[in-house]
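Biologist: I would like a close look at one part of this model, and then an account of how it sits within the rest.

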Amino acid sequence: MSRTALRICPLCEATCGLTLTIEGTRVTHARGDRDDVFSQGFICPKGASFGAVDSDPDRLRTPLVRRDGELREATWEEAFDAVAAGIRPVVERHGPNSVGVVLGNPNVHTMAGALYPTVLLAGLGTRSIFTASTVDQMPKHVSSGLLFGDANAIPVPDLDRTDHLLLIGANPLESNGSLCTAPDFPGKLKALKARGGTLVVIDPRRTRTAKLADRHVAVRPGTDALLLAAMAQVLYDEGLVDPTPHVQGVEELAEELRDFTPEAVAEACDVEAGVIRTLARELAAAPTAAVYGRIGSCTVPHGTLASWLVDVLNILTGNLDRPGGALFPQAATDKTPRPAGPGRGFALGRWHSRVSRHPEAKGELPLSALAEEIDTPTEEGEPVRALIAVAANPVLSAPDGDRLDKALDSLDFMVSVDPYLNETSRHADVVLPPPPPSQSPHHDFAFNTLAVRNQVRYTRPAIPLEAGRMAETEILARLILAVTGMHGADPAAVDGMVIDQTLGKAVQEPHSPVHGGDPRELAGRLTGDTGPERRLDMMLRLGPYGDGFGVRPDGLSLEKLLAHPHGIDLGPLQPRLPQPLKTRSGRVELLPGPIADDLPRLRAALAERPEGLVLVGRRHLRSNNSWMHNVPALTGGSNRCTLQIHPEDAERLGVRNAEPVRVKGAGGEVTAPAEVTDAVRRGVVSLPHGWGHNRPGTRLSHASTDPGVNVNQLLDGRQLDPLSGNAVLNGVPVEVAPETAPESPAVTEKLTALT
């Protein structure tokens, strides 16, 4: 007999509400929840395939422990015994920095991934921290930190009310949005056009989003910052600047941008000066407007400058922090809002990587540097000798996976928290598999801070935890205890410690609703069936909409949220400045020092012209990085690993559609089928990311039947955005030839010179 249950989809950033049909202990169908306050019934192919993702037979059911060189099934007790025995001696002998931690993208899609990694890092005390952020959005964190004093204060476009939306390096019709949580992003863009608004897309590919646009500008890859700087220069030059309040540095910025005229950048960007002027004038003339940039403008040599300039344009046109522009969301689990005023600011480079001396950003080192931090000895500091990978597959997601693959084999010890034996976890000495999403609770801590409408939702597990499995929250709690010298303690102690520390601080803060209270008494009033639920209740009650433990009777609590299974709508985004600012000045600092210091590098780019072909990535609607290629329903069709190439380039190189082509970059060479299409501009080729499932020792039976190639193997990891440490993945030079063509002896020398 079937039943239904609600579940928030964890498969992309749109966070749509689902209604699951369950037969016994299996999800047999998923449809959109029409009563969900945020998604209102929208669903994409990933959400519709929730049941197939959930019941993938290749998901690990029990822990694996390496014995006599082979990973074998083990009990949970044996697994955590092995973790404690493997990690603690490394810490004690070589220090905490000898243990690296890698956090993958799926962490932000689970409650466990939001609540426990910070505790893990604090307990270990390691500075060897690497995450997926430095192959994705770290430039946006850095630019936000420098502008607003808070790396997580990221304004999002007010999609439902804007009159003019300019997207650069973003393809939300395929990605469903990123750093902008918006169910039915395609519908919101169509609604924008239906109400008479304008959609502009800047992208070297004619994506599905670009096809919907009123204006598509096919910029040369990697020149996003030049184009945006020229638009800002036009605003100054033509007297169109009308800045947002609470901003300093407006006049100083005008001088810094003086050289970036449309005429000066036109050749480098391959965009006519008149088009650039039109883009700026239309942006300034719109009643409301928002500029939104994403991964295409982050993963380039000037990623931080491009991310900064996105907000510069919003600020100079007065569209930051106003309805219809770009606003700061207010999540229900945000900290209690503090009074506006100067803060501690944001600092870069507080420490550096051991080998290449890369500066940290937001407490992280570049993921591109992980291999060298393992395999390269230096006189300064210990190499990474042990690794903890939580929901991470850097062999595919980081540049030069072949080098990292070998480096992982040299570790003294490695533990992976992962549901699959994939290209990275196959190296682990212990694999700890979390249960499928249907057996886990869900609340979006991170994505609600990026949502285009304030709301709050929570779903308990749709299916009880299967016998023999362990909740992901308990896995991470036990992992924390095992690696910090408290192996064997009650895992509930981790949640209890966090609650005690949080309430202890809250009662000392004058602006807190529980100021002067008794932390123990407050802890005793928390509700919830588990430690994570009690922590959620605490965060809700202390948050901006919370009941303050009874101070505001109509406010939020876990009990109230559970009474609203489809969520609670908290209203449209509202202007919030200057309250979110944590800069030392208490104002938006439009021209921070690190940005000004990096502008000469952008000026030098005015004279740069790439030779030959350059590579860009691409996203598929039915995929999310390397997660979903093992699900038959989400592969095939348009979700294929092909090299897109323009017809004129194909003819010049002798490349034929569907035939294999050899692609060579500074980091290696791959062979993929050609897809001849005018969807890419001349001089550009495109390979999707997340593929390359052909390594031995994995258990990805469907993915291995059509493995594709790892686009990141074309990169050697040396090209980084210097401010953020983000890998340069787009606009990199490559050589392309039919597979049967003889290789030019000058290829390697030329690629080295170009990079």
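Biologist: Is Asp 68 buried or exposed, and what is its relative accessible area?

Modeller: The structure is a predicted model, so every value below is computed from predicted atoms. Asp 68 is exposed: its relative accessible area is 73%, and it takes that label because anything over 50% counts as exposed. The backbone at Asp 68 has a positive phi of about 55°, although the residue is not a glycine. Most residues other than glycine have a negative phi.

The next backbone feature concerns a peptide bond. The one from Leu 577 to Pro 578 is cis, with omega near 10°. Most peptide bonds are trans. Pro 578 belongs to the loop that links β19 (568-572) to β20 (588-589).

Gly 517 is another loop residue, placed between helices α20 (492-506) and α21 (519-524). Its relative accessibility is 31%, so Gly 517 counts as partly exposed. Leu 503 is 14 residues from Gly 517 along the chain, and their C-alpha atoms are separated by 9.0 Å.

A loop position can also be buried. Gln 439 lies in the loop between β17 (430-432) and β18 (453-456), yet at 8% relative accessibility it counts as buried, because the limit for that class is under 20%. Leaving aside neighbours within four places in sequence, the residues in contact with Gln 439 are Pro 461, Ile 463, Pro 464, Leu 465, Glu 466 and Arg 469. One of these, Leu 465, is 26 residues from Gln 439 along the chain, with a C-alpha separation of 5.3 Å.

Val 661 gives a case within a strand, namely β23 (residues 660-665). It is buried, with a relative accessible area of 1%. Not counting residues up to four places away in sequence, Val 661 touches Leu 643, Val 655, Val 670, Thr 671, Ala 672 and Ala 674, and also Val 736, Ala 737, Pro 738 and Glu 739. Gly 303, in turn, is 358 residues from Val 661 in sequence, and 30 Å from it in space, C-alpha to C-alpha.

Now the chain as a whole. It contains 26 helices and 26 strands. Of its 755 residues, 61% count as buried. A compact globule of 755 residues would have a radius of gyration near 27 Å, and the chain has 25 Å, which agrees. Its C-alpha atoms fill a box of roughly 65 × 60 × 60 Å along the principal axes.

As for the surface, the chain exposes about 27600 Å², of which carbon and sulfur atoms supply 49%. There are 76 positive and 93 negative charges, and their mean positions are 2 Å apart.

A word on confidence. The average pLDDT of the chain is 96, and 98% of the residues score at least 70. Residues 743-755 are another matter: pLDDT stays under 50 there, and the model has 20 contacts for this stretch beyond four places in sequence.

Conventions: Residues are numbered from 1 along each chain as its sequence is written. This is a predicted model: local features need pLDDT of at least 70, side-chain atom pairs count only at pLDDT 80 or more; totals for chains, interfaces and linings use all residues. Side-chain values use heavy atoms; hydrogens and water are left out. Helices (H or I, at least four residues) and strands (E, at least two) are DSSP runs, numbered from the N terminus. The radius of gyration is taken over C-alpha atoms; the globule rule is 2.2 Å times the number of residues to the power 0.38. Buried means under 20% relative accessible area, exposed over 50%, partly exposed in between (1.4 Å probe, protein chains only). Accessible areas come from the Shrake-Rupley method with a 1.4 Å probe; for residues, only the protein chains shown count as cover. Lys and Arg count as positive and Asp and Glu as negative; His and the chain ends are not counted. The place of a charge is taken as NZ of Lys, CZ of Arg, CG of Asp or CD of Glu. pLDDT is the predictor's confidence in each residue, from 0 to 100. Contact means heavy atoms within 4.5 Å.
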